[in-house]
Amino acid sequence: MAPPQRSPLRSPEPISQAASRPTRRSLLAGVAALGALGAAGCSRVATASSTEGGDLLGRLRAAGVVRLGIAGEIPFGFIDTNGELTGEAPELAKVIFKRLGIDRVQPVPTEFGSLIPGLNSQQFDVVAAGMYVNPERCEQVIFSDPDYQMLDSFIVRKGNPKGLRNYKDVVEKKAKFATGTGYAEIQYAVDAGYKESDILIVPDQVAGLNAVEAGRVDVFAGTALTVREVVKKSAKAEATEPFKPLVDGKPHVDGGAFAFRPTETKLRDAFNVELHKLKKSGELFRILKPFGFTEAEMTDLTAKELCGG
């Protein structure tokens, strides 16, 4: 995962998507989606809590089910070929919510840009989509601490003939550059001096791989996880070493987490308690490893850090 303002969205991406800075997907898209959700008249979860700290945890325990907003993005949260909910976030959610006394999770698929509006308009209880934590999103929702961290990487042709290892290289070597719709990587490239109108925007990392293999671009930028997974079977392309993009001139590491409505601090805090137990025991890595995560993507970052303090 996945676009921001002065700080990126998840990029989880499709296997990943600006106001002033992209996160994985555009915040503007999310705002627009809010109206669409309201107009659709979808069924809703129980109304917002009036109790201090929220009473959603108790209501979920009584109901025995929690509704998860997912964006259909491999490997973050998706429905597999057997029609089953899976992905790093849903599998982690199954474990944590069971520990919290909630036995069942129910997926509510939506567009990535609709996740925050959908959460705040009661379409589901929690966002489980590997969403990047950034200050703009922190003004709309509250986050658990991240369950993973992520660097960027490039898809390049075998042997990396242009020697592209970061966004500065892309600019200096006048490389043809592509990335995904609403990806944080758009802003990273622009901040490095790449002209936004010259960026080729493609739907996802698979389309990015195809563009590199066909020679339409020299490089596609995405998260280290999505890039290394998509090139595994390619005979023409490879992934570069992961690197930290620059945000406001400083090396930056993104972190993905679960999002909750601002009123539901009790649920978020209880979730964090169980999350940290899983981190300490090593079980978190065992849950995420099947989806391509490595030990390098395990993290002690906090939501407070990524929200800007």
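Contact here means heavy atoms within 4.5 Å. With that in hand, welcome to a short tour of this predicted model. We start with a helix and what covers it, move on to a strand and its neighbours, and then look at charged and aromatic pairs. A search of the whole structure finds 13 aromatic pairs, and there are eleven salt bridges.

**Helix H2 and its cover**

- Helix H2 spans residues 56–63, and its buried residues are Leu56, Leu57 and Leu60.
- Looking down the axis of H2, these buried residues fall within an arc of 100°, so they line one face of the helix.
- Strand S1 (65–70) and H10 are among the elements that cover the buried residues of H2.
- After H2 comes Gly64, which has a positive phi near 80°.

**Strand S8 and its partners**

- Strand S8 covers residues 152–157 and is mostly hidden, with five of its six residues buried.
- On the S11 side (residues 219–223), S8 pairs in the antiparallel sense over five bridges, and Phe220 is the bridge partner of Ile155.
- Strand S12 (residues 237–239) also runs antiparallel to S8, joined to S8 by three bridges; here Val156 stands opposite Glu238.

- Side chains of opposite charge can pair when their charged atoms come close.
- Asp218 and Arg157 meet through their side chains in a salt bridge of 3.1 Å, N to O. This pair links distant parts of the chain, 61 residues apart: Asp218 lies in the loop between helix H8 (205–213) and S11, and Arg157 in strand S8.
- Asp218 counts as buried because its relative accessibility is 11%, whereas Arg157, at 26%, counts as partly exposed.
- Arg228 and Glu297 form another salt bridge, with their closest N and O atoms 2.6 Å apart. Here too distant parts of the chain are linked, 69 residues apart: Arg228 sits in helix H9 (residues 224–230), and Glu297 in the loop between helix H11 (283–288) and helix H12 (303–306).
- Arg228 is partly exposed, with a relative accessible area of 21%, while Glu297 is buried at 6%.
- Glu274 forms a salt bridge with Lys277, and their closest N and O atoms are 3.4 Å apart. Because they are three residues apart in helix H10 (residues 265–281), about one helical turn separates Glu274 and Lys277.
- Glu274 is buried, with a relative accessible area of 10%, and Lys277 is partly exposed at 43%. Through shared partners, salt bridges join Arg99, Glu274, Lys277 and Glu283 into one network.

**Aromatic pairs**

- The rings of Tyr167 and Phe243 have centres 5.4 Å apart and planes at 70°, so this pair is edge-to-face. Tyr167 is in helix H6 (residues 167–172) and Phe243 in the loop between S12 and strand S13 (246–247), which puts them 76 residues apart in distant parts of the chain.
- Both count as buried: Tyr167 has 6% relative accessibility, and Phe243 has 10%.
- Tyr183 and Phe220 also form an edge-to-face pair, 6.2 Å centre to centre with 75° between the planes. They come from distant parts of the chain, 37 residues apart, with Tyr183 in the loop between strand S9 (177–180) and helix H7 (184–191) and Phe220 in strand S11.
- Tyr183 and Phe220 are buried, and Phe220 is also the residue that bridges to Ile155.
- Ring pairs link Phe154, Tyr167, Phe177, Tyr188, Tyr194 and Phe243 into a cluster.

Notes
Residues are numbered from 1 along each chain as its sequence is written. Side-chain values use heavy atoms; hydrogens and water are left out. Buried means under 20% relative accessible area, exposed over 50%, partly exposed in between (1.4 Å probe, protein chains only). Helices (H or I, at least four residues) and strands (E, at least two) are DSSP runs, numbered from the N terminus. Two strands pair if DSSP finds at least two bridges between them. A salt bridge is a side-chain nitrogen of Lys or Arg within 4 Å of a carboxyl oxygen of Asp or Glu. The arc is that of the directions from the helix axis to the C-beta atoms. Rings of Phe, Tyr and Trp (its six-membered ring) pair if their centres lie within 6.5 Å; planes under 30 degrees apart count as stacked, over 60 as edge-to-face and the rest as tilted.
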